[in-house]
Amino acid sequence: MDVRRPGSGRVRESASDTAPSGAEERPPACPKPPPAVPDVAGLHPDDLPDGLVVADGGGRVVCFNAAAARITGRPAEEQLGLPLERALPLEDVEGRRWWRLTDPYGGLATRTGQPERNLLLPGGREVLVHARYVRPVRRGPVHRVVVTLRGTEARRRTERSHAELIATVAHELRSPLTSVKGFTATLLRKWERFTDDQKRLMLETVDADANRVTRLIAELLDISRIDSGRLEVRRQPVDVVAAVERHVEAHTTAGERPGRFVTRVAGPLPPLWADPDKIDQVLGNLLENAVRHGAGTVTIEVAPAPTRTRTEGTAITVSDEGPGIPEESMTRVFTRFWRGSKRGGTGLGLYIVKGIVEAHGGVITVDRSAAGGARFRFILPVGTPAVLV
């Protein structure tokens, strides 16, 4: 008799067809359910992304899928028939044997399982474990124990990311808040001792540091909205060339040489509907990066361009003549906390830039400019919003 499993060839049911006479045939790690049990969409336990371990009413393992073998580092076929406690020797953080502690077969008849928690395998490997007790009759004996396993790598990465974010925010807030506190306390105690020029200088410093704190809080809010998919885009007609000119003027007013900036416009440009505040944020961040981390001339190019959907779009390119970005760092430029140099910054700006561009349905890339520096190029789709057509 032949039986088929989805995605595999034929498997002979008779041991004489696959093994020499007298040899013992090892059962599969997760045998196919009997015909009475519906096989939903041909799903097999080895197809599951999480580890699955099933023990029968006597506490013997009857299923140990491929993911469970990968997570525990134990060969699946060797665990079949073993007591659950031996096949899955879990301990809590205090070193207590988990199955003896929870006693799924002899414990309270009202229990239906154990919530997911961190447990330890031999060697100290952490694993997330969730158990369900299957009772055909309410308050009756346990017919099966179904255990799911998940590795902790993804959770650890998230926890590390959150820890880095908290550390970065604490570091960035400490300096301006210390300055604000110091200057305001000094002015309150010794107001009469300072000249008007000294007072103005201290108040301007306080104002600049307060703006720095405000920008950091805005960055945190943007990150929260990007990560949760709640970044709102309020589309309006945007004159992107005028926006570029405003940012260039702001840099020259702050002391940069006017000749350091070159703006090239390849027209005519199609009408651009975007969120003007967020486009200002993107342009401001890219120009600041070019000025702070780059060198030489900063070139801004604005031109019509096709998008991925073959609709008309506007492409904005910002490039400099600095040392550029190392090839091995190109893939990390738009991740959190990436810094191209040691010249300050939170490392969150380009992550936010990418989130804003993608929220508009656009794309952003980075490579080397012809002069060897960094070149950032983002493309925004254009056209009147559908609600106004």
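Author: Let's start with valine 262, which lies in strand E9, residues 261–265. Names like this come from DSSP runs numbered from the N terminus: a helix (H or I) has at least four residues and a strand (E) at least two. Please keep in mind that this is a predicted model, in which local features need pLDDT of at least 70 and side-chain atom pairs count only at pLDDT 80 or more, while totals for chains, interfaces and linings use all residues. Residues are numbered from 1 along each chain as its sequence is written, and side-chain values use heavy atoms, with hydrogens and water left out.

Is valine 262 buried or partly exposed? With a relative accessible area of 30%, valine 262 is partly exposed; buried means under 20% relative accessible area, exposed means over 50%, and partly exposed is in between (1.4 Å probe, protein chains only). Now look at what it touches. Setting aside neighbours within four places in sequence, valine 262 is in contact with Thr297, Val298, Thr299 and Ile300, where contact means heavy atoms within 4.5 Å. Take threonine 299: it is 37 residues away from valine 262 in sequence, yet the two C-alpha atoms are 4.8 Å apart in space.

Among the contacts in the protein with a separation of 6 or more, 59% are between residues 24 or more positions apart. Glycine 347 gives another example: from threonine 168 it is 179 residues away in sequence, but 8.9 Å away in space, C-alpha to C-alpha. Glycine 347 is found in the loop between E12 and H9, and it is buried, with a relative accessible area of 14%.

How many aromatic pairs does the structure hold? It holds one. The partners are phenylalanine 334 and phenylalanine 376, arranged edge-to-face, with 6.1 Å centre to centre and 80° between the planes. Phenylalanine 334 lies in the loop between strand E12 (312–319) and helix H9 (349–359), and phenylalanine 376 in strand E14 (residues 374–381), so the pair ties together parts 42 residues apart in sequence. For the rule behind this, rings of Phe, Tyr and Trp (its six-membered ring) pair if their centres lie within 6.5 Å; planes under 30 degrees apart count as stacked, over 60 as edge-to-face and the rest as tilted. Both phenylalanine 334 and phenylalanine 376 are buried.

Helix H8 covers residues 276–293, and its 18 residues reach 25 Å from first C-alpha to last, close to the 26 Å expected at 1.5 Å a residue; the expected span is 1.5 Å times one less than the number of residues. At the start of H8, a side-chain oxygen of aspartate 275 comes to within 3.2 Å of the backbone nitrogen of aspartate 277. The buried residues of H8 include Val282, Asn285, Leu286 and Asn289.

Two packed helices are described by the angle between their axes and the distance between the axes. For H8 and H9 the angle is about 145° and the axes are 10 Å apart; axes are lines fitted to C-alpha atoms, for helices over the stretch in contact, and angles run from 0 to 180 degrees between N-to-C directions. On the H8 side, Lys278, Gln281, Val282, Asn285, Leu286 and Asn289 meet Gly349, Leu350, Ile352, Val353, Ile356 and Val357 in H9.

Another helix to find is H6, residues 196–228, whose 33 residues reach 48 Å from first C-alpha to last. After H6 comes glycine 229, with a positive phi near 70°.

Positive phi also turns up in residues other than glycine. Aspartate 103 has a phi of about 45°; it lies in the loop between H4 and strand E5 (113–120) and counts as partly exposed at 34% relative accessibility. Arginine 139, with phi near 65°, is in the loop between strand E6 (126–134) and strand E7 (144–151), and it counts as exposed at 55%. Threonine 102, in helix H4 (residues 98–102), is buried, with a relative accessible area of 3%.

Finally, zoom out: the protein has nine helices and 14 strands, and 37% of its 389 residues count as buried.

Key. Polar contact = N/O pair within 3.5 Å; in protein donor to acceptor, adjacent residues only side chain to side chain.
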